[in-house]
Amino acid sequence: MSIALHLLAATGGLTGELDAGLAKVGYGLAAIGPGIGIGYLVGQSVQAMARQPEMAGQVRTTMFLGIAFAEALALIGFVLFFL
Amino acid sequence: MSPMEFAVPQPSTERIESTIAHDLAKKGLIVAPIVVIGLGVWRGPEAALGAVLALGIVIVNFLAAAWILGWTARNAPHALTGVALMSFLVRLLIITILGAGIKALDIVDWPVFCFTLIGSYFVLLFWELRSVSLTLAYPGLKPKPGHHEE
């Protein structure tokens, strides 16, 4: 794989384009991961609130903090994309 | 109440998310002068501006997430999953556009902006997590105003 990349870079001068493309793919993956995490987290929280409505306050507290932590991964992807 | 009747517990209508986000914002405002002045002295005014913008983005992002999720949890809990995902995407899109704009304008020290964004996000989140876990573990730790134990 790396040999193919080197050949591409040597023959076509594509290093910059490859880097930009890989950065975009990385950013996309960094956004998909938290998306899956948030979907699962909120789904489970809704289920917990439906089962025990009296615990909704605690569930929402932990859900909000969980969402914030999942979003941090997307922010790391954003930073790496632009760096 | 007759033996056949039972009370159906109602979902919480408290503004939990907003309370957490306001607490986070307060902590951010406490940290902001130290970070901005420190980075400004170390790397110059562009770094200070980068730190201000990064902290602003982090705090506004928390407040926006809290407002959207809190409103949905109180008024339309059945739509919570969809709203949470859409708000995540929209906020990420806005942050990306802002980041691209700030980078294109070239008015800030870019590495400082990036590392302040990530660093302040994690520091504020862990700080808040500590307070929240203490409050959940010891709910009677902070008495409400006007509450007196007999």
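In which hand does H1(B) pass H4(B)? In this predicted model, the crossing of H1(B) with H4(B) is right-handed. The two helices of chain B, H1 (residues 16-43) and H4 (residues 110-137), pack at an angle of about 140 degrees. Their axes lie 10 Å apart. On the H1(B) side, the contact involves B:Ile20, B:Asp23, B:Leu24, B:Lys27, B:Gly28, B:Val31, B:Val35, B:Leu39 and B:Arg43. H4(B) contributes B:Val112, B:Thr116, B:Leu124, B:Leu125, B:Trp127, B:Glu128 and B:Ser131. By class, the residues of this contact comprise 9 nonpolar, 3 polar and 4 charged.

The largest nonpolar core contains 47 residues. A:Phe78, B:Phe113, B:Leu117 and B:Tyr121 make the most contacts inside it. Both chains take part: at least two residues each come from helices H2 (15-51) and H3 (56-82) of chain A, and from H1, H2 (45-75), H3 (80-105) and H4 of chain B. H3(A) gives the most, with 14 residues. A second, separate core has 8 residues, among them B:Ala32, B:Ala47, B:Leu55 and B:Val112.

B:Tyr121 touches residues of both chains. Beyond its neighbours within four places in sequence, its contacts in chain A are A:Ala68, A:Glu71, A:Ala72 and A:Leu75. In chain B they are B:Val58, B:Asn61, B:Phe62 and B:Thr116.

Chain A holds 3 helices and 0 strands. Its elements follow the order α-α-α from the N terminus. Of its 83 residues, 35% are buried. The accessible surface of chain A is about 4,600 Å². Carbon and sulfur atoms account for 70% of that area.

Notes:
Residues numbered from 1 in each chain as written. Chains lettered and ligands numbered in written order. Predicted model: local features only at pLDDT ≥ 70, side-chain atom pairs only at ≥ 80, totals over all residues. Heavy atoms only, no water. Axes fitted to C-alpha atoms, helices over the stretch in contact; angles between N-to-C directions. Helix = DSSP H or I, 4+ residues; strand = E, 2+ residues; numbered from the N terminus. Left-handed = near helix turned anticlockwise from the far one by under 90°. Contact = heavy atoms within 4.5 Å. Nonpolar A, V, L, I, M, F, W, Y, C, P; charged D, E, K, R; others polar. Core = buried A, V, L, I, M, F, W, Y, C linked by side-chain atoms within 4.5 Å. Buried < 20%, exposed > 50% of the residue type's maximum accessible area, 1.4 Å probe, protein only. Areas by Shrake-Rupley, 256 points an atom, 1.4 Å probe, with all protein chains shown as cover.
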